[in-house]
Amino acid sequence: MGKRAAVLNMGRRPGVSGFLGAALCALLLAVGAPVLAAPVSCAMDAAVLTGATKAAVTRFRIELATTAQQRARGLMYRETLPQDAGMLFVYPDEAPRAFWMRNTLIPLDMLFIDAAGQIVSVHENAIPGDDTPIASGGKARFVLELNGGQARAHQIAAGSILSHPLIESGKARIPCAP
C-alpha cells in the first residue's frame with residue numbers, strides 16, 4: 001500500500017467495506033450522479049449559473065419562454081438586451097434541440113441544458129439572422145439565451161450548472177434553497 005493510501009486508511013483495517021465504499025464513489029462519478037452541493041438562492045426571474053469548477057456563481061435576470069408561442073418568438077426582433085439579462089426556454093421533456101437566429105437582431109450565446117441543470121453544450125455568438133440550425137449536441141430540457149460573449153466572460157461552459165426553481169429538486173445538480 002502506498003504512503004497516500006496508508007494515510008487515508010490510518011486506524012482502519014482494510015476490508016470489504018473500504019473496497020465497496022471506493023467502488024460506490026467511483027460508480028456514482030461514472031454515471032453522473034447529482035453533485036452534492038449546497039442549495040443556492042433562486043427566483044423564477046433569475047438564472048443562477050455555477051461554473052464547472054464550482055468556483056464562480058453568476059446571476060442573470062431572465063424572461064421565461066414556457067409556451068410553444070413564447071418559445072417560437074424567443075428574442076426575435078429585439079434590438080438590445082441588457083448584459084445581465086437573458087431568456088430561459090423551458091420544454092416539457094428532455095430531447096435534442098436545435099435553434100436558429102431567424103429575425104434575431106443581436107448575437108446570442110445559447111446554453112443547452114439537461115433536465116438536471118447541467119450544461120450540455122454552449123454555442124457562442126450565434127450570428128444574427130442566420131437560418132443555420134444550431135444543434136444542442138445532446139438532450140436538453142432548457143435553453144438559456146444570453147448576449148453574445150457572456151458565456152466566455154463568465155467562464156460558462158459545458159459542465160457548468162444552472163439552478164432554477166423549474167428544475168425538479170430531486171434531479172437538480174445544484175438545487176434551489178427551500
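Is the link of Cys42 and Cys176 left-handed or right-handed? With -90 degrees about the S-S bond, this link is left-handed.

## Basis of the model

The model is predicted, so local features are taken at pLDDT of at least 70 and side-chain atom pairs only at pLDDT 80 or more, while totals for chains, interfaces and linings use all residues. Residues are numbered from 1 along each chain as its sequence is written, and side-chain values use heavy atoms, with hydrogens and water left out.

## The disulfide

Taking a disulfide as a pair of cysteine sulfur atoms within 2.5 Å, the count comes to one. The sulfur atoms of Cys42 and Cys176 are 2.1 Å apart. The pair links distant parts of the chain, 134 residues apart, with Cys42 in the loop between helix H2 (16–30) and strand S1 (46–50) and Cys176 in the segment after S7.

Relative accessible area is read here as buried when under 20%, exposed when over 50% and partly exposed in between (1.4 Å probe, protein chains only). Cys42 counts as partly exposed because its relative accessibility is 22%, and Cys176 is likewise partly exposed at 22%.

Ser163 belongs to strand S7 and, at 0% relative accessibility, is buried.

Ser160 is in the loop between helix H4 (150–153) and strand S7 (161–163), and it counts as buried because its relative accessibility is 1%. Beyond its neighbours within four places in sequence, Ser160 is in contact with residues including Thr50, Gly51, Gly117, Ile119 and Gln155. Gln155 lies in the loop between H4 and S7 and is exposed, with a relative accessible area of 65%.

## Positive phi angles

Gln155 has a positive phi of about 55 degrees although it is not a glycine. Tyr77, also not a glycine, has a positive phi of about 70 degrees; Tyr77 is found in the loop between helix H3 (68–73) and S3 and is partly exposed, with a relative accessible area of 46%.

## The sheet and the whole chain

The protein has four helices and seven strands, assigned as DSSP runs of H or I with at least four residues for helices and of E with at least two for strands, numbered from the N terminus. From the N terminus on, the elements run α-α-β-β-α-β-β-β-β-α-β. Seven strands form an open sheet of mixed pairing in the order S5-S4-S6-S3-S2-S1-S7, two strands being paired if DSSP finds at least two bridges between them. Strand S5 (119–126) and S7 stand at the edges with a single partner strand each, so one side of each is left without a neighbour in the sheet. Within the sheet, strand S2 (residues 57–65) and strand S3 (residues 85–99) run parallel and are joined by five bridges, and Glu63 stands opposite Met87 in S3.

Of the 178 residues, 37% count as buried. Among contacts with a separation of 6 or more, 69% come from residues 24 or more positions apart.

Key:
Contact = heavy atoms within 4.5 Å.
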